[in-house]
Amino acid sequence: MPPLSIDGISTHNWERRNEKAVARLDIDQLEVETDITDVDPKTGLLKGWQAPPAAPGQAPVKPPVTPLRSVVLNGTEPHNVFAGTAPRFVLSARNWAEGEVAGTLTWRVRDAGGAVVQSGNRAVTVADSLALDLPLETPRYGPYEFDATVAWKDGETFTAAQPYVVVPVPQELTEAEKDASPYGLNVHSFRAPMVPTFRKAGIIWYRDYAFSLESVLRARGDDNKYAGWPNYPKVLRQYEDNGVRVLPVFQRSIAPPAPGGKPGPSRAWTRDMAGIMAAFPSLKALELDNEYDLHGGNARLEDAINWKNYGLFHKKFGDIAGIINDGETLMVENGRAGIWPERLRRMVLSGDFDTINVANSHHYTGTDAPELNVENHNMGFSGDESVLSFYDQLRAAKRSATADGKPRQHWLTEFGWDTKAGPKVTLAQQAAYLARAYMLLMAAGTEKGFWFFDLDAPTANQFFDGCGLMDHRQLPKPAFAAYAGLTQILPASQYIGTINAGEGTWGYLFRNKGKLVATLWTLHDGKGPAVDFGPGVAVYDSFANPLGKGSVTLGMAPVYAVGVAEDSRWAKQAAYSVESPTLVAATAGDVLTVRVKVTNTRSTPLSGKLRLHLPSGWANVSDESAVSVPPGQSAEYALEYRVAPGEGLGEKSLRLAVSEAGAPLHDIPLRVRIGQPVLMTVQSLGAEPGESDVTIRISNRSARPLNGKLSLMLPAAWSTPTPVIAVDDLKPMEVRDVRAKVVWTPRWEPGEAAAVRYESADGRSAEQPLIPGRLTIYSAQDLKTDGNLKDWPERNRIPAWTLGTTSGPADADLYVAWSKEGLHVALDVRDAKAEVPDPRSFWVGDVLEVFVDTRAKKTPRQYEVGDHQFWLAPIVGEKRAYVGQWKRHNEIPETRFDIPGIRSAVVKTRNGYTLECLIPASLIQGYRPEAGAQLGLGLSLSVKGLQQERQVYWPLPKSEGAEQPASWGTVTLAP
């Protein structure tokens, strides 16, 4: 007889429903009568199965399956994490058929490199049930894959594979060391709690997303104990029981400012927050919100009032804690979606952060190694304040956090690499980058880092889905073992300095438990040089396995050398620190300065020389600098150099050479990005003709102050009271907003255009279009979707001068036409890689986004029925466009991926691609294909250029228009 199972028993305790009690339920004499005459004895399926009617749109109901033979493979430790115990698995088998079943079990274990390290086979026989113990001999720490196959004699086969990790027992820490630990992880307690498992990796701090303000208040109850679902006292108890720290994140707790209203929190908010803090006085830290600034609308509203609302929420947050917890709780800023050093500095100096103890940032490097990264790949993030490396951004944020002289910390509460979707890396890269990133954070002065995330998603729909330390089955990835190796070697360390073993290598020097620890690796995949750390040094791999003594060949995963000598090459290198940015933005002819700090921890005077090695055509302004620092002191030195006057755009490398006693000691790599001397953005004129206020933002990216003027060049029918505006003393890296008024119409003559031009007194210039938010779109005439755009008339091309671009020329033609079939779009994109790593995560590759509002409604709102965001990604290899529609709010039930039946064509060209596509009328809710009808429209073309990325848009950049349909332009359909 096939087995039966009881899925659950419902009972009630109505007499004590308002008080805690223990209920006991006894069950006895369960009797089951089963008629098995209709059961197939070989399969367990009902012979006469008749499926009940299926719900509309759903697949037919399948018959219940009760296999007569089952096999399950499980590890003996939760989540297959073995720390201090030998790894072992249990193969469990059940046989419900008559008689015995026999077969052969074959199994093997592979290490992280895929090599088989253990294997075996044995006969198995199952009469009714079998539990076979399989101890494994894997004495080295690290990730492994265990796979087993049972081949039954009747031809059936069972196969299973599971990853597991062997990690060292975590180091014991004092309570103070736990408080100071840099090691954190993002989790969500609404899922199965896994704190004991993650504690085996040495992780101390847990940033928990389960504490959204709405959820916490809903659980408050009449007794103010917050024991409603999910029972917050119980959630916090799991952290306390495991001796770790939790950082609750009060998501969605900052209310955006109402235009013209009073900024800051309400009295009700203050009472609610005070109640929460009073209920949980033992919490070590509290975080106000998560990525409040990622929402473009919030950022624009805050910009308008200099982020005063943001500051007042934080001020009240810190003030409440000061009263209730006597200032003993670390009050953590909202987790910003990027690293914004200047915005942070202004907030700190405003006084609103006086009771905030921790500044907070997020940053994702995409597929970049942490040491080489510049751009933030956080989903939906747009914009930055300057060109700085990830490392330099962290250092700048730390300086800004303490700009008022208070010892404020800076934490990076989200970072990570994805192995499944979006810009994805390999499992080995994820593991190596995790350890390297944590050491970079320590070197930059960032006190804590919280890896994102604990678990992978079951699917691979978008970036973040593969960032977990565990896969979606809650089984470990190699990154888990790398985390455990890092915390084993550097449990409570002090950063000393930066080191390397030559070009293409990187590393740091730490002091841990009184010993110097040198860490080294290669910046890229592949083998590096062989390094001898000296006599008596214990060298370990990234999983904390001892490698013995002597020479070690470097790779992308770090090696740890414990006990290097105080007078070693590494200790001497660590004395030299570049205090100025290691990556700078400059323009041709600029004079730049490298500032070097030399710290002498030796017992004898330190003497040496510093010299810059420059690209061809560049010049040293200052000669080599002699270094002389007494014991126990430090000194700073400055070296100047000039970029070649005719240097082209792009990135150049140089190095700071350090020598002592006439011999080379250290080469420190530096980078310079040569860009346009002046950057300018011009606000769109909006969708309503007439008088418009225009904000012109101009930025000096050169190394010298600029004096110049702005000229507004307009069609004859347009006008402005200020055709020329002086812009005096624009300092290096200064960003200045200049305001003007323009009276405009949606008409202009052929050959006319509207633009703003900046010219400095020394000849530097920039020009941007003055974009009207009104256009006319003409009907489609015999267009063939083949990727050849010769059949597109000129009247269907968006006027080139109306296209904005975030960097350099547009190098693209955009066409739009309409018909009863839908909206036709075409692109001719030059200087493009046509690179689409993952079309589901469209924002990381080349893509056209089309925003459509069929009502042309200009009332500020969230997305409604009639509002659309389509994306068209060029899949060159398939000669088609991948078309999807993104769900923003309630406009569609769910995001649509790779919509079937789309007519499109993509053709690779010499240095780019062409694309044609019809967005069917059936996908455009409320579409009226008739002359005179109006649509709201926005176009955003993201281009991965051969030299640099850019966005081409009408009428607004995506960062300003994607979330607000009312901001899109208006187009009128014409015959």
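Gln 474 is partly exposed, with a relative accessible area of 22%. Here buried means under 20% relative accessible area, exposed means over 50%, and partly exposed lies in between (1.4 Å probe, protein chains only). Gln 474 is not a glycine, yet its phi is positive, at about 65°. It sits in the loop between strand 16 (448–451) and helix 11 (478–489). Helices (H or I, at least four residues) and strands (E, at least two) are DSSP runs, numbered from the N terminus.

This is a predicted model: local features need pLDDT of at least 70, side-chain atom pairs count only at pLDDT 80 or more, and totals for chains, interfaces and linings use all residues. Residues are numbered from 1 along each chain as its sequence is written, and side-chain values use heavy atoms, without hydrogens and water.

Ala 661 also has a positive phi, about 55°, and is not a glycine. Its loop runs between strand 32 (650–660) and strand 33 (663–674). Ala 661 counts as exposed, at 83% relative accessibility.

Now look at two peptide bonds. The bond from Trp 229 to Pro 230 is cis, with omega near 10°. Pro 230 lies in the loop between helix 3 (213–218) and helix 4 (232–241). Another cis bond joins Trp 954 and Pro 955, with omega about -10°. Pro 955 is in the loop between strand 51 (949–954) and helix 13 (958–961). Most residues other than glycine have a negative phi, and most peptide bonds are trans.

Step back to the whole chain. It has 13 helices and 52 strands. Of its 975 residues, 51% are buried. The C-alpha trace spans about 95 × 85 × 60 Å along its principal axes.
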